[in-house]
Amino acid sequence: MNSVGAKYDVAIVGSGPAGMATACLLGSLDRKLKIIVFDKRPETTRDHKLAIGSDSINAMSKFLMEGLAASTNCVNTEAARQLLFQLKSWSKKSIPTSTIETTLATFAKERLNITVHRDKAFNIKYVAESSQKKPGELSFDDFLKQTGGARVIIGADGSKSEIRNVIGAQKTDILNLGYLLELKYKATPNFKPRTYLQGSTQFVMSSGFDFETAGKPRNGNSGIITLHKFVSYLTHRILIQGTKGNPENPWTMSELKEHVKDNGKIRKILDHFECYLGSHKVASLGFNRIVTFPMTIYRSSSVASLYKGIIILLVGDASSGLVLERGVNKAFLEATQCARAVLKFFNKRKNLYVGSEESIDDTKPSSVQARVRDSEEIVRGTPKTISETATLPSEFIEYQAQSHSLFLREVRWARFKHFILYSAQFLFKFVLSLFFKPFEFFRRKPS
Ligand SMILES: Cc1cc2nc3c(=O)[nH]c(=O)nc-3n(C[C@H](O)[C@H](O)[C@H](O)COP(=O)(O)OP(=O)(O)OC[C@H]3O[C@@H](n4cnc5c(N)ncnc54)[C@H](O)[C@@H]3O)c2cc1C
């Protein structure tokens, strides 16, 4: 296991888009902050494309420009400008996840001197006792020792966040937007996945497939391709039989065909699948796995909390997420709000920086001794200004409120989008029925 050794102010768990964006914003706007990022994956492997909107890029750019305008000597002007340029170049574009992660991680390491630890050893697991962890896992308390006394720990570890478990803020399902049918298969390498937008249009026009995502190509074939289709609650129920139809126990195409022999609706879906797979030069149908699942939105009951005197924050999918779409925009917006709160916190307490030049300045012996004492107390997990009983600093209470309202905004947007899609499909079918089979639309089928 890697030993980190040095002292840090901020430790970030997760080097996905949310974690790396937070690290880069913080490092660019305060060169004195000592930041370390941990990730359990040894390399960036996810290639699904993320459509980056202009709102999140504008928010990050505004934050960077405010920092540049303030022109304090803490701002790393050159790096902040470079980051601004990089982020703007991503606005309104679809960028593979691994490109976002690699670009930001390289920038963090080379331009901001941020340590990024990618190692399987950093598979952090929240367990009550260190003895409960499995081989290859790091208990949260072991992890605390690795952070070099960081005052702030940011959980950017995705939808299955372990850091969320540390603060006891279990995820809460609050809304179910609908049901999804998912088919996984492999195709030849020249395969191009259908985007959400293309899929949405097709959904309205023919109630065909909605969209698909593809993993990295390997051994001359495409990566695993995931094809999604919106289905009704009824269809979802038909496809869930006991434990069958769950991601752990998927259907194969032939099993499902047998199971729903006399069901016209499912038959139609399977015909669509077959026709679609035929047009794609499928390389490996043996792999096909069909499942349905509810499309839920979740949020954490808390995104800012105190644990053993350390401030724990959640950002990106760790705090809340939509199962589909816009995850990266929410992650970037939240990264901006989180970085703003963290900067405010450290600016107010400048002389308590663990890694700041001031705390190792030995030109004024008396004040240096006091600061080193403070720093040591922080390293031992008993910081002077934050105790177990102290309330959360106001900047983090503000962050909690901002994150919550951002989530509500996302929910409203998702509901609106689904309402439009379903209404458009309904209208389209209604108009078609008027032209081709008048009155049939309203007629009940004999049972
Ligand atoms: C197949 C797929 C398709 C998607 N399509 C879209 C889309 O089209 N548009 C869109 O906006 N969003 C999409 N998303 C969602 C989007 O990827 C996320 O919302 C976005 O990446 C948020 O990033 P994040 O940094 O919060 O979390 P993540 O990207 O999940 O990053 C979490 C990081 O934490 C690390 N980690 C996790 N647990 C631990 C641990 N215990 N210890 C150490 N490290 C840990 C992981 O290795 C990972 O690097 C998709 C997601 C998937 C899976």
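Leaving aside its neighbours within four places in sequence, which residues is Ala108 in contact with? They are Met20, Ala23, Cys24, Gly27, Ile114 and Val116. Keep in mind that this is a predicted model.

Ala108 also turns up in the largest nonpolar core, a set of 74 residues. Along with Val10, Ala21, Cys24, Ile35 and Leu313, Ala108 touches the most other members there. The largest share of this core comes from α11, which gives eleven residues. Another core lies apart from it, with eleven residues, including Leu239, Trp251, Ile269 and Ile290.

So much for the cores; on to the helix that keeps coming up. α11 has 22 residues, and from its first C-alpha to its last it reaches 32 Å, close to the 32 Å expected at 1.5 Å a residue. Most of α11 is covered, with 18 of its 22 residues buried.

Then there's the ligand. A shell of 33 residues surrounds it, and the closest are Gly14, Gly16, Gly158, Gly316 and Gly327. The elements that give two or more residues to this shell are α1 (17-29), β2 (35-39), β3 (49-52), β6 (123-125) and α11 (327-348). By type, the shell divides into 13 nonpolar, twelve polar and eight charged residues.

Zooming out, the protein has 14 helices and 15 strands. It runs to 447 residues, of which 37% count as buried. Among contacts with a separation of 6 or more, 76% come from residues 24 or more positions apart.

How far can you trust the model? The average pLDDT is 78, and 74% of the residues score at least 70. Two stretches to treat with care are in this table:

| Residues | pLDDT | Contacts beyond four places in sequence |
|---|---|---|
| 203-208 | under 50 | 13 contacts |
| 355-389 | under 50 | 43 contacts |

Asn113 is not a glycine, yet it has a positive phi of about 60 degrees. You'll find Asn113 in the loop between α4 (97-112) and β5 (115-118). Is Asn113 buried or partly exposed? Asn113 has 13 other C-beta atoms within 10 Å, so it counts as partly exposed. Lys308, also a residue other than glycine, has a positive phi near 50 degrees. Its place is the loop between β13 (304-307) and β14 (310-314). Because Lys308 has 12 other C-beta atoms within 10 Å, it counts as exposed.

Technical notes
Residues numbered from 1 in each chain as written. Predicted model: local features only at pLDDT ≥ 70, side-chain atom pairs only at ≥ 80, totals over all residues. Near = placed C-beta within 6 Å. Helix = DSSP H or I, 4+ residues; strand = E, 2+ residues; numbered from the N terminus. Nonpolar A, V, L, I, M, F, W, Y, C, P; charged D, E, K, R; others polar. Buried ≥ 20, exposed ≤ 12 C-beta atoms within 10 Å, placed from the backbone. Contact = placed C-beta atoms within 7 Å. Expected span 1.5 Å × (residues − 1). pLDDT = per-residue confidence, 0-100. Core = buried A, V, L, I, M, F, W, Y, C linked by C-beta atoms within 7 Å.
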